[in-house]
Amino acid sequence: MATPATRKNTAAVNYDITIQNIESTTLICKSARCEQAAIAKHLGQILPAVFQHVTTAGIEMVGPPTTIYQEWGPGVVTIQAGIPVVPGAEGHEEFEVVVFEAGPAAVTIHTGSYDGLGDAYAAVEQYLRQVGRKPNGPVREVYLTDPGEVPNPEDWKTQIIWPVEA
């Protein structure tokens, strides 16, 4: 499976990567297929729309915004971006419900600009090879800091969750 690891790597960074049992997660999200260079533009449109839908519908949010990389191909990517919500929430029109089952995943935190996320993906891929684990599902980025509240990109924190075979 091709992955977001092909993003621009900006520096050698050490990551603390662990295998964790991730709980089941329900998201209200919206999908897009776009060029890799346009991911930020699409996220800038999708996430506010999902947030607006969730708050207007009175759905309880239970976590920070998340992007799922369903497909990562040469030049083009399919993403689902959304908000974790309480189980049982329902989608509406262009907003879909996606449920990730509980299970093991390689997890790390990237600190810095989104342009440097390729370093985190490369580190996780290397770690998985070293420990003999195989990916098992799409990668998720969980945006732990809000750029609107934390303007310095060097202080942004993004959690990478990559499901692995049990």
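**View 1. The buried face of helix α1.** In α1, the buried residues are Ile39, Leu43, Ile46, Leu47, Val50, His53 and Val54; buried means under 20% relative accessible area, exposed over 50% and partly exposed in between, with a 1.4 Å probe and protein chains only. Look down the axis of α1 and these buried residues fall within an arc of 130°, so they line one face of the helix. That arc is taken from the directions running from the helix axis to the C-beta atoms. Over on the other side of α1, Lys41 and Thr56 are exposed.

A quick word on what you're looking at: this is a predicted model, where local features need pLDDT of at least 70 and side-chain atom pairs count only at pLDDT 80 or more, while totals for chains, interfaces and linings use all residues. Residues are numbered from 1 along each chain as its sequence is written, and side-chain values use heavy atoms, with hydrogens and water left out.

**View 2. Helix α1 from end to end.** Helix α1 covers residues 39–57, which makes 19 residues. Helices here are DSSP runs of H or I with at least four residues, strands are runs of E with at least two, and both are numbered from the N terminus. From first C-alpha to last, α1 reaches 26 Å, close to the expected 27 Å; the expected span is 1.5 Å times one less than the number of residues.

**View 3. The open sheet.** Eight strands make up an open sheet, in the order β1-β6-β8-β7-β3-β4-β2-β5, with antiparallel pairing. Two strands pair if DSSP finds at least two bridges between them. At the edges sit β1 (18–22) and β5 (96–100), each pairing on one side only. From one strand to the next, the twist averages 35°.

**View 4. Two helices lying across strands.** The buried residues of α1 pack against β2 (25–35), β3 (66–72), β4 (76–85) and β7 (139–143), where contact means heavy atoms within 4.5 Å. α1 runs at about 25° to β4. Helix α2 (residues 117–131) lies across β1, β3, β6 (103–111), β7 and β8 (157–163), at about 35° to β8. For these angles, axes are lines fitted to C-alpha atoms, for helices over the stretch in contact, and the values run from 0 to 180 degrees between N-to-C directions.

**View 5. Strand partners up close.** Ten bridges join β2 to β4, and the two run antiparallel; look for Ala32 with its bridge partner Ile79 in β4. β2 is also joined to β5, by five bridges and again antiparallel. Elsewhere, four bridges tie β3 to β7, antiparallel too, and Tyr69 stands opposite Val139 in β7.

**View 6. Thr26 in strand β2.** Thr26 sits in β2 and counts as buried because its relative accessibility is 7%. Its bridge partner in β5 is Val99. Setting aside neighbours within four places in sequence, Thr26 is in contact with Ile83, Pro84, Val85, Val86, Pro87, Val97, Val98 and Val99.

**View 7. Thr145 in a loop.** You'll find Thr145 in the loop between β7 and β8, where it counts as buried at 17% relative accessibility. The side chain of Thr145 reaches the backbone nitrogen of Lys157 at 2.9 Å. Neighbours within four places in sequence aside, Thr145 is in contact with Tyr114, Val150, Asp155, Trp156 and Lys157.

Terms used. Polar contact = N/O pair within 3.5 Å; in protein donor to acceptor, adjacent residues only side chain to side chain.
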